[in-house]
Amino acid sequence: MSDPQFRSLINLRQLEVLRAVMRCRTTIGAAEELGMSQPAVSNAIKLAETKLGIALFDRVSNRLVPTADAQILMADAEPLFVVHEAVQRKAWDLRTGRAGVLRIHATAELSQYLVPSVLALFMAEHPDVQVTIESVRMDALLEGVESGSADVGIAMKPPARPNLAREVLVEAEMMCITPKGHELANLPVLTPFDLRGRRIVGPGPASPLGAMIAQAFERSSDHYHPDIEARFANVVSPVVARGLGIGFVDELTARYAKEPGFDVHRFRPRVAVPVCGLFLRDKPRARLAQAFMTHALQYMQAQIGRPDDQEDDLVAG
């Protein structure tokens, strides 16, 4: 089969025309199916018959009936069309962002409460995409996006990096949670004054979120020093649920933690926490990453992006 004459006897386009004519039994029908002119279809059949040296169709009552040789040829050619159609579907999927690989790095709380909800929306439109989710510390997240090992990073109040572009999804806030039955449980809003002399569970003051809480305490002429330090809010919530103190968690954890053992309170002075998507600044944004971010933005705005007069809806009794 290395002889060039074998390779030039018939090409894929001629096989496609032959297949269409066999289905439609007329050159007019085949032309409509293929988006070609009727003379072009007739010429393709004549050229194939000339090169092959065999008749491919018998002309019977203005219809083209495939010969036995044509049927043998198409039986062997059919797998080519199956592969070709699969390649075409994959090419279309890649063009429309419906296939490929999406690599997500997220901090612990967002991996648990945000990413799965957004991923459900994303996968409904991109069912064939392979997704990798890494739950990582902030420093590893930033390095992952900078190195290209992650297509997108999702974090709360990430520090600025010159190589990274930051897109704010929503501005959430820090909340207080109290054990069920606690004497403060009926207060919708807690302040540093309310927390004086009580055991506090939350991020250490040296952490980014802890530093923000400490600044809020300072504005109230008070001091933030958690008795039980826990870097991640998904650790704080079960500790509080077991009656070990009053906790500080982000709004997502307060809303969506599946832990029934605590009540939620707004904290004042307000501690704003932007939830952000991170991308490499000087690299074109991957289509799948952008699609994921679009869903994340819509989801976060629907869940948390609310007018101030709807804030009471957050507090759970």
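## Two serines in loops

Let's start in a loop: S221 is found between α10 (208-219) and β9 (228-229). This is a predicted model, and in it the phi of S221 is near 55 degrees, a positive value in a residue other than glycine. Is S221 buried or exposed? S221 has a relative accessible area of 66%, and anything over 50% counts as exposed, so S221 is exposed.

Another serine to look at is S61, in the loop between β1 (57-60) and β2 (63-66). Its phi is near 50 degrees, again a positive value in a residue that isn't glycine. The relative accessible area of S61 is 64%, so S61 is exposed.

## The whole protein

Time to step back. The protein has 317 residues, and 45% of them count as buried. Its secondary structure comes to 13 helices and twelve strands.

As for contacts between residues at least 6 apart in sequence, 75% of them join residues at least 24 apart.

Nonpolar side chains tend to be buried together in soluble globular proteins. Here, the largest nonpolar core has 48 residues, and F248 and F292 are the ones with the most contacts inside it. Which helix gives the most to this core? That's helix α13, residues 287-303, with eight residues.

Now take a look around F292. Setting aside neighbours within four places in sequence, F292 is in contact with L102, I104, V115, V118, L119, F122, V152 and I154. There is also a second, separate core of 21 residues, and L18, A20, M22 and L64 are among them.

## Where α2 meets α4

Helix α2 covers residues 12-24 and helix α4 covers residues 38-52. The two pack at an angle of about 110 degrees, and their axes are 10 Å apart. Angles of 65 to 115 degrees count as roughly perpendicular, so that is how α2 sits relative to α4. Their crossing is left-handed.

Which residues make the contact? On the α2 side they are Q14, V17, L18 and V21, while α4 brings V41, A44, I45, L47 and A48.

R25 lies in the loop between α2 and α3 (27-34). With a relative accessible area of 29%, R25 falls between the 20% and 50% cut-offs, so it counts as partly exposed.

What does R25 touch? Leaving out neighbours within four places in sequence, R25 is in contact with R63, L64, V65 and P66.

## A buried threonine and a cis peptide bond

T107 sits in the loop between β3 (99-106) and α6 (108-113). Its relative accessibility is 7%, and buried means under 20%, so T107 counts as buried. Not counting residues up to four places away in sequence, T107 touches S135, V136, M138, L141, I154, A155 and M156. I154 is also in contact with F292.

The peptide bond joining R268 and P269 is cis, with omega at about 10 degrees.

Key: Residues numbered from 1 in each chain as written. Predicted model: local features only at pLDDT ≥ 70, side-chain atom pairs only at ≥ 80, totals over all residues. Heavy atoms only, no water. Core = buried A, V, L, I, M, F, W, Y, C linked by side-chain atoms within 4.5 Å. Buried < 20%, exposed > 50% of the residue type's maximum accessible area, 1.4 Å probe, protein only. Helix = DSSP H or I, 4+ residues; strand = E, 2+ residues; numbered from the N terminus. Contact = heavy atoms within 4.5 Å. Axes fitted to C-alpha atoms, helices over the stretch in contact; angles between N-to-C directions. Parallel < 35°, antiparallel > 145°, perpendicular 65-115°, else oblique. Left-handed = near helix turned anticlockwise from the far one by under 90°.
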